[in-house]
Amino acid sequence: MELSKKDSKMLQGLSVLAMVWLHLFNREAGDLFTPLLFIGPKPLSFLIAQLADFCVFGFAFVSGYGHMAQTGEKGWYRSRLKGLLSVLISYWSVLAVFTVVSVIAGNAASMPGDVWTFLKHVLTTDSSYNGAWWYMFAYAVIVLASPLILKAVEKWHPLLLIPAGGALYIAAYAVRFWIPNGGNWFLTKFGPLGMTAAEYVIGAFFFKYRIFSKTYAVWEKINRYLRAVIGAALIAVLLICRTYVVPALFFAPVSGIVLITLFHFWKKPNWIEKVFAFVGSQSTNVWLTHLFFCQFLFKNLVYLAKYPLLIYLFLIGITLGISMILQFIEAPLQKLIKRKGTYEKNPHLLPRA
């Protein structure tokens, strides 16, 4: 019951769909949209957005899981670097295309701005053009450091690894949200990088100890109707608690583990698997572009659809369409990388699987 290539793509799709919902509806409406359903005083769209904050955890988790699965194979690190290059090509393509769009639209002062700011974006050290791009730097650093990280997962006893990972997560969270950094670049980067690295370690830990298989061995012994009730109850409890009891991002790994496990164990109809796998195959570009249509270059464009579900489908449709165009643009370079290495055999490189 461990993650296959297809499972990884579906989880990637789930994570990016959650990310889009989070960034659209992590607010209680205001003048931007009209919610129709409420749980207590808050709109259901807002509650779902609070639960959807597991999205980055989802990417980091599956990445750590897949990298751990690949470790030890011949040329695994070279393959991982080629996978990173593939993601960077997608990132640079989006950067180039939307910079041109920004200039044409008359927004050149903010994007590309000055030469130094543009160069920092090329190097992934700045994400001021698009807030979601902070993950690119964190992912690159983690991939480069993956031999050391995964060696620790392999060698350290769980009684040492779990407290160490927890301490890293707590320290990074504190730096990110509680400690004023005064513009210090290293502290600014340490917060999200440390949290993501800890989440990456959780994924690697799950593969090493075959947590999914061991959990499923217990899960499958439960009556299927009772499983459905338990799953629905867990989601309902998380939905309420993540808004009204423990709304902090600090608890995203807890809800992320529960949701990823339930999703993985769910015996999905074939058409649903195809939908999530397709979105997963496009998730890099959806991640890189979606904020342009609700927060940046075309600010609030998608909110013209007025109602949450219509807004969501509008943005998903836009970003999937643009993603396929971008993949066509990138195709020659992506094919060159595939001919030069074996990274495409790794099913778990994220954000691109």
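Predicted model: local features only at pLDDT ≥ 70, side-chain atom pairs only at ≥ 80, totals over all residues.

User: Why is Lys208 called partly exposed?

Analyst: Its relative accessibility is 23%, and the class in question runs between the limits of under 20% for buried and over 50% for exposed; Lys208 therefore counts as partly exposed.

User: What makes Ser127 count as buried or exposed?

Analyst: Ser127 has a relative accessibility of 19%, and the cut-off for buried is under 20%, so Ser127 counts as buried. This residue is found in the loop between α5 and α6, where, not counting residues up to four places away in sequence, Ser127 touches His121, Trp133 and Trp134.

User: Why are α3 and α6 called oblique?

Analyst: The axes of α3 (residues 55-70) and α6 come within 10 Å and cross at roughly 40 degrees. Angles under 35 degrees would count as roughly parallel, and those from 65 to 115 as roughly perpendicular, so the two helices are oblique to each other. Their crossing is right-handed. On the α3 side, Val56, Phe59, Ala60, Ser63, His67 and Met68 take part, meeting Trp134, Tyr135, Tyr139, Val143, Leu150, Val153 and Glu154 of α6; by class, this contact has ten nonpolar, two polar and one charged residues.

User: What makes α2 and α10 roughly perpendicular, and which residues make the contact?

Analyst: Here the axes of α2 (residues 44-51) and α10 (residues 224-244) come within 8 Å and cross at roughly 95 degrees, a value inside the range of 65 to 115, and the pair is therefore roughly perpendicular. From α2 the contact is made by Leu44, Phe46, Leu47, Ile48, Gln50 and Leu51, and from α10 by Ile235, Leu238, Leu239, Ile240, Arg242, Thr243 and Tyr244. These residues divide into ten nonpolar, two polar and one charged.

User: How do you know how far α2 is covered?

Analyst: Six of its eight residues are buried, and α2 is thus mostly covered; the buried residues are Ser45, Phe46, Leu47, Ala49, Gln50 and Leu51.

User: How do you know that the length of α7 agrees with its number of residues?

Analyst: Helix α7 (residues 158-177) has 20 residues, which at 1.5 Å a residue should span 28 Å, and because its end C-alpha atoms are 28 Å apart, the two values agree. Within α7, Pro158, Leu161, Gly165, Tyr169, Ala172, Tyr173, Ala174 and Val175 are buried, and what covers them includes α6, α8 and α11.

User: What makes the backbone at Arg210, Asn300 and Pro112 worth a remark?

Analyst: Most residues other than glycine have a negative phi, and most peptide bonds are trans. Arg210, in the loop between α8 and α9, has a positive phi of about 50 degrees although it is not a glycine. Asn300, in the loop between α13 and α14, has a phi near 70 degrees, again a positive value in a residue other than glycine.

User: Why are Arg210 and Asn300 classed as partly exposed?

Analyst: The relative accessible area is 35% for Arg210 and 27% for Asn300; buried would need under 20% and exposed over 50%, so Arg210 is partly exposed, and so is Asn300.

Methods: Residues numbered from 1 in each chain as written. Heavy atoms only, no water. Helix = DSSP H or I, 4+ residues; strand = E, 2+ residues; numbered from the N terminus. Expected span 1.5 Å × (residues − 1). Buried < 20%, exposed > 50% of the residue type's maximum accessible area, 1.4 Å probe, protein only. Contact = heavy atoms within 4.5 Å. Axes fitted to C-alpha atoms, helices over the stretch in contact; angles between N-to-C directions. Parallel < 35°, antiparallel > 145°, perpendicular 65-115°, else oblique. Left-handed = near helix turned anticlockwise from the far one by under 90°. Nonpolar A, V, L, I, M, F, W, Y, C, P; charged D, E, K, R; others polar.
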